[in-house]
Amino acid sequence: MTNSLNDMRHAKSLIFIGSNAPEAHPISMQHILHAKEKNNAPIIVVDPRRTKLAAKATDFVRIRPGTDAAFMLGLINVITTNGWEDKEFIRTRVSGYEELLAVTKDYTPEAVEEITGISAEQTRHVAKVLAENRPTSLTWCMGGTQHSIGSSITRTFCLLQLVLGNMGKSGGGTNIFRGHDNVQGATDMCVLADNLPAYYGLAEGSWKHWCRVWDVDYEWIKSRFPKPELMQLPGFSLARWYEGVLGEEKLYQDTPLKAMIQWGCGANSNSQYNRVVQAYNKLELLVVVDPFPTMAAAACDTDNIYLLPSASQYETSGSVTSTSRQIQWRHKVVDPVHNSKDDYQIMELLVNKLGFADKFYKNIKQVPEDLTRELGRGALTIGYNGQTPERIKKHMENWHTFDIDSLQAIGGPCDGDYYGMPWPCWTDEHPGTPILYDISKPVAKGGLPFRNRFGNEKTYDSSGRTENQLAAKGVCNPGSEVEGGYSEFAEIVPGTNWKTDLSQKTLKVAIARGMAPFGNARARCVVWNFPDQVPIHREPLHSPRPDLIAKYPTYKDKQKHYRLDTRFESEQNPELVKEFPYVITTGRMVEHMGAGAETRSNQYLAELQPEMYAEINPRLGNNLGFRDGDMVWIESPEGSKIKVKAFFTERVDEKTIFLPYHFAGVLMGESLIDKYPEGHAPYVVGECGNVVTNYGYDIITQIQATKDGLCKVSKA
Amino acid sequence: MARLKFLCDTERCIDCSGCVVACKEGNHVPVGVNRRRVITLDSGKPGEKSISVSCMHCADAPCIAVCPVDAIYQRDDGVVLVNKKTCIGCGYCFMACPFGAPQFPKGEVFGARGAMDKCTFCAGGPEETFSAEEKHLYGQNRIAEGKVPLCAGMCATKALLAGDADVVADVYRERVFQRGSGSNAWGWSKAYDKK
Amino acid sequence: MAISRIRKSAGDSAVGAGRRVTLNPKVARRSFLKISAATAALTGVAMTSKMTRKANAAEKKSPYAGSTKVRTICTYCAVGCGIEAEVHNGVWVRQEIAADHPVSRGGHCCKGAGAIDMVTSPKRMKNPMKKVNGKWTNITWDQAITEIGDKLLAIREKDGPDALHFNGSAKVSTEMAYQQRKFAAFWGSNNIDHQARI
Amino acid sequence: MQRRFSSVVLIALTVLFAGSAFAGELQAGGAVTGSSADYYGQLINVITGNWQEYGQLFTLLQSQWFSKIFLVVITAVPAVFLLHYLIIGAKHFDHDGEQIYFFSLFARIVHFVAAISFSLLVITGLMIIFGSFFGGGMIIRTARYVHLVSAMVFALPGLLMFVMWLKEMLPQFHDIKWIFILGGYLSKKKKPVPAAKFNAGQKMYFWFATLGGGIMAYTGYIIWGFGATVDTVRIYTMLHNALGIGIVAFYLTHVYMSVFAIAGSLESMKTGYKPKDEVDILHSLYKY
């Protein structure tokens with residue numbers, strides 16, 4: 001989120017795309033409904049389903065799954081043709097705007113209607129509402145990202161906010177509600193195949209930076225890798241790691257995967273889950289570290305599996321980063337129960353056994369506080385350095401002193417700080433940055449311009465136009481020494497820049513000069529390192545509209561995509577819809593979480609939501625000849641199928657089937673409940689919805705396309 | 001004398017069942033007994049509304065009137081409680097209740113209903129305050145501690161209000177006024193059908 | 001209709017001699033209420049809690065004498081709701097309402113309201129386990145770590161570090177997530193990822 | 001007849017299934033599909049039903065009327081009989097003279113089993129109605145169990161009596177006459193009254209006890225397990241209570257007649273023999 005949940009209280013309108021806050025983020029509704037009630041803010045919900053959020057909305061826009069980009073570009077088209085864009089904002093803080101217009105001119109409301117199924121009139125209406133009620137808070141979740149063009153879709157969301165001039169403003173911003181409790185923190189720490197902590201990437205310089213932080217010899221780390229070039233090659237992603245085991249596809253490493261450590265990850269949130277199960281059984285070693293057995297325990301038939309009981313999060317401590325980028329300290333409530341050990345203990349046992357404990361724990365005397373300090377020392381790009389354990393704990397102790405509207409402490413020991421010191425928090429004295437890219441405040445008080453990351457000037461491929469990428473003259477945070485755009489800080493300490501200066505002198509100098517360490521640039525509409533420099537609509541790989549595939553085809557197949565090849569063009573088959581006529585999409589329910597291992601083991605939650613089901617429109621169900629409550633088979637083009645109960649509801653339209661994805665314990669019609677360790681099977685089991693989610697991955701991030709596949713349905 | 005009341009604001013209730021689990025977890029209510037539940041009308045259709053329902057602690061409670069053994073009583077602050085030791089599980093209170101609040105766990109003899117269980121407003125029961133027996137039979141006695149009931153305190157959107165009837169009414173009135181006060185989506189444009 | 005049978009007196013003998021606390025009539029109610037209603041409307045929170053709390057202040061008493069309150073954070077979604085855990089003799093006895101948390105204001109969804117179940121659920125794993133001839137068997141931590149470690153080292157020796165994939169987690173603390181990434185780096189592979197990808 | 005038989009079948013069913021599960025527990029009701037709210041949406045219809053109509057009526061009757069009426073019945077009826085006993089007194093017949101074999105051994109056994117279980121039903125039923133008098137709790141809970149067991153026990157002899165005496169219990173014209181003179185009980189004179197094996201009063205009690213008993217058993221079964229929608233349960237409860245009023249009244253009458261009003265009739269029911277003059281007078285149309 002660029003802003004915070006509490007800041008949404010200031011929004012004058014709110015638009016949600018692929019987000020169902022009452023089910024996925026219920027407490028955020030407190031602030032959303034506040035904006036609706038207090039500011040009379042219209043709430044626009046764009047979703048294939050009439051969700052519980054739509055029940056609170058002023059406008060519900062039913063969209064065909066996977067066409068969000070087209071709708072956004074359509075909104076930009078209406079806004080710009082009517083002159084509702086924020087001209088001053090675009091002139092001073094946005095680059096590549098003309099190139100954007102060249103793309104959006106084709107997305108007229110009528111063209112958008114053809115793609116998305118949203119009437120041209122509704123597109124115009126929504127554009128008008130957004131234009132008349134600024135600032136708009138824009139929220140998306142997995143409904144916006146889990147597509148083969150997910151990265152393009154999310155960019156169109158940002159572009160809309162740039163065109164409306166809603167970025168860096170209270171009540172505006174792009175507010176992505178993150179899923180898991182610490183998914184922001186874990187992402188920031190880059191438990192990712194293509195990055196080192198704090199998004200440093202995998203370049204040699206990044207490795208050297210972190211080796212300095214870890215206080216280990218770079219050559220030693222290098223010696224740990226089979227080949228130096230593998231240090232810079234992203235590993236397998238969570239979305240497709242199992243292909244590395246199954247060996248049916250070409251791999252970009254010398255060995256197939258033979259062992260797997262699955263630490264706090266339910267894995268039945270993986271699409272094509274039946275293939276994951278195959279991979280489990282082919283592994284030589286599978287280690288599951290979790291408080292609950294998880295589906296892996298039941299799915300794995302072979303003797304290769306170990307279950308290590310980790311303590312729950314309440315039995316250990318550490319910091320967690322919320323969706324608002326706030327860092328809070330999760331205090332330990334009780335000691336680990338049973339014979340479980342907390343994560344740190346298990347890691348220590350493992351590292352000791354593997355023989356690199358002396359190097360691994362060189363700076364770590366006190367767990368977890370020394371870890372917080374070490375990661376803060378290195379994570380300069382996103383400003384994790386100001387949030388010392390002491391400060392985080394102080395915020396926890398004094399959380400009652402923070403104002404609900406501004407999230408700023410009023411008096412008390414944290415006076416002036418923003419709650420949780422939302423990153424970037426550049427120094428020990430910095431209050432945190434409650435709103436990103438907000439130039440109304442000095443940098444030292446939590447203001448920031450756009451980051452200068454991609455050079456100072458660029459000639460665009462599409463137009464041949466050359467544009468300065470730094471912010472326009474006069475646009476800067478109050479007190480800035482340079483009145484206008486400036487590049488990122490480097491060479492304050494010779495041989496370093498603001499990202500690699502471990503002394504943090506660069507940061508302090510920049511802030512003392514009233515400037516952002518990362519420069520003051522424009523937000524890009526043209527991303528020249530992406531396949532679509534300006535995002536466009538492309539049909540989902542498995543599209544229900546064969547007629548549109550010709551006009552909006554997907555990408556060429558992608559080679560060497562996280563150590564695998566990913567099919568795009570060769571997977572898109574206009575004939576597929578004839579056999580698999582319905583769109584399948586997945587989502588959350590409020591009673592369960594993620595893969596559901598925790599929540600399905602809670603008797604009360606299991607009681608509330610005891611069964612897997614498929615939401616089917618009554619008209620579709622009646623046409624297919626089954627009744628509410630009948631068991632149906634849902635089959636995917638990949639040949640997998642699930643047997644679930646039909647639940648008739650008008651939440652979904654006649655072409656769409658919705659599956660909650662939290663269930664596990666039943667696989668392709670066969671119950672695995674007896675395979676759990678005795679006494680540890682969850683209270684409720686059900687088919688994994690992700691068995692039938694289709695092939696399809698984003699071209700940049702390799703996120704799985706679970707929201708726009710195809711399927712067929714028959715009575716069981 | 002202050003009277004304690006519940007009020008659920010349907011404009012805010014998002015059907016998250018937080019109140020349901022807060023109640024069950026806090027009072028160790030067995031599975032199958034629902035002191036509180038959320039009901040959604042027109043689910044999945046335009047105009048969908050949810051409401052959280054439990055014992056409403058009626059001023060003139062029909063359950064008290066019909067109980068053949070006088071197991072149900074009302075405290076001075078309006079909280080309606082049941083004495084589980086007196087209750088015979090006949091179910092008359094359930095028939096009389098307009099909210100379906102009384103719940104019956106399965107008893108042991110001939111499939112009989114056990115003693116009636118319902119929302120206590122987190123005020124425990126007739127046993128000694130904070131005694132193990134009170135906790136076992138009725139759950140927490142938060143009113144004696146000076147705390148609000150768990151369901152309302154943990155309501156995600158503060159849709160569920162609990163407390164003194166006058167304050168609850170004031171809060172709700174203020175909210176309704178606020179909703180109607182603007183000149184935008186809910187105000188004039190709505191009144192005059194201005195698109 | 002029912003008035004005739006409603007007992008107005010809380011001290012009725014048929015009800016039992018239990019001590020029952022009712023609101024203190026001595027508090028000057030009307031004026032006090034005005035203030036609390038105003039606060040409630042401002043924050044949108046049912047501040048009536050304050051009402052009962054203050055009215056009962058004179059008789060305040062806790063069922064868990066000497067318990068401590070631990071402020072912690074809910075482990076479900078990323079909203080980051082506050083939890084006040086009441087701990088008595090090392091046992092998490094109940095979840096209190098974290099009404100002062102600046103984001104959640106005491107609110108929880110059904111998952112967060114049952115957060116205590118993460119610790120108390122009988123379904124929790126109790127011991128390290130492995131499968132022996134298709135049957136689940138309890139093992140000691142020592143055995144588990146020794147066997148896993150030996151196997152990992154053997155695979156590393158034979159196939160190299162890239163034969164291991166590490167699925168980390170968005171459910172652990174930032175420090176632990178950092179350690180997971182650091183572990184992969186020290187192990188010598190980029191085969192590490194977590195749920196943010198999907 | 002159809003109805004009668006269906007209720008007979010139901011009594012039999014009650015006996016068969018009573019011990020097993022009373023499946024109508026609310027928590028188990030309703031297909032569980034969809035979200036919790038839909039689940040509860042289904043449930044709430046089962047739960048509150050049409051409260052405005054039936055719930056309110058039930059509340060009114062249960063809180064204001066049933067217990068009062070029962071109180072009137074169990075005080076007024078004995079009081080009337082006390083007056084009758086004091087003013088008119090019991091009828092005495094010659095138990096040493098000629099006897100007529102009136103009831104077979106089988107009939108007597110059936111009657112006694114029925115009598116005991118029926119008495120228990122009435123007593124425990126009244127205990128439940130006046131539960132607050134006993135302070136509720138264990139006593140009344142036990143009374144409920146006894147009520148259930150007695151109902152199950154009564155079902156068989158009830159059914160047998162019904163079959164056994166059905167023919168004699170069918171109404172006849174002389175019954176009207178009997179009713180007009182109230183069976184001659186208002187006079188001290190021994191004047192033959194128009195009645196065959198059973199007089200009109202016995203017939204009425206018979207129908208209340210068997211047909212009414214069948215309805216009581218069925219409604220009771222439903223109420224016990226909440227085996228229907230709440231509205232049905234409410235109606236059945238009202239029916240159960242209303243019918244109970246009549247049954248209690250007739251039960252008391254029967255007890256008074258057999259124990260007090262006709263001296264030695266209890267003995268007759270034990271031995272099976274009635275004095276000839278008693279039969280000639282009270283059952284003047286009986287062909288022996």
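Modeller: Two strands pair if DSSP finds at least two bridges between them. Helices (H or I, at least four residues) and strands (E, at least two) are DSSP runs, numbered from the N terminus. The model is predicted, local features need pLDDT of at least 70, side-chain atom pairs count only at pLDDT 80 or more, and totals for chains, interfaces and linings use all residues. Residues are numbered from 1 along each chain as its sequence is written, while chains are lettered from A and ligands numbered from 1 in the order in which they are written.

Colleague: In β3(C), which residue is the bridge partner of V87(C)?

Modeller: β2(C) pairs with strand β3 (residues 91-96) of chain C in the antiparallel sense over 5 bridges. The two form a hairpin with 2 residues between them, and N89(C) in the turn has a positive phi of about 50°. The partner of V87(C) in β3(C) is W92(C).

Colleague: Why is one side of β1 and of β3 of chain C left without a neighbour in the sheet?

Modeller: Strand β1 (residues 68-73) of chain C is joined to strand β2 (residues 82-88) of chain C by 6 bridges, and the two run antiparallel. The open sheet of 3 strands has the order β1-β2-β3 (chain C). One side of β1 and of β3 of chain C has no neighbour because each stands at an edge, with a single partner strand.

Colleague: How many residues of chain C are in contact with chain A?

Modeller: Two residues are in contact if their C-beta atoms, placed from the backbone, lie within 7 Å. On the chain A side, 132 residues take part, and the number from chain C is 97.

Colleague: Which helix of chain A gives the most to the side that touches chain C?

Modeller: By class, that side of chain A has 72 nonpolar, 42 polar and 18 charged residues. Here Ala, Val, Leu, Ile, Met, Phe, Trp, Tyr, Cys and Pro count as nonpolar, Asp, Glu, Lys and Arg as charged, and the others, Gly among them, as polar. With 8 residues, the element that gives the most is helix α17 (residues 343-354) of chain A.

Colleague: How many residues of strand β7 (residues 285-290) of chain A are buried?

Modeller: A residue is buried if 20 or more other C-beta atoms lie within 10 Å of its own, exposed if 12 or fewer, and partly exposed in between, with C-beta atoms placed from the backbone. In β7(A), V289(A) stands opposite W263(A). The strand is mostly covered, and of its 6 residues the number buried is 5.

Colleague: At what angle do helix α6 (residues 137-169) and helix α8 (residues 200-225) of chain D cross?

Modeller: Axes are lines fitted to C-alpha atoms, for helices over the stretch in contact, and angles run from 0 to 180 degrees between N-to-C directions. The axes of α6(D) and α8(D) come within 9 Å and cross at roughly 145°.
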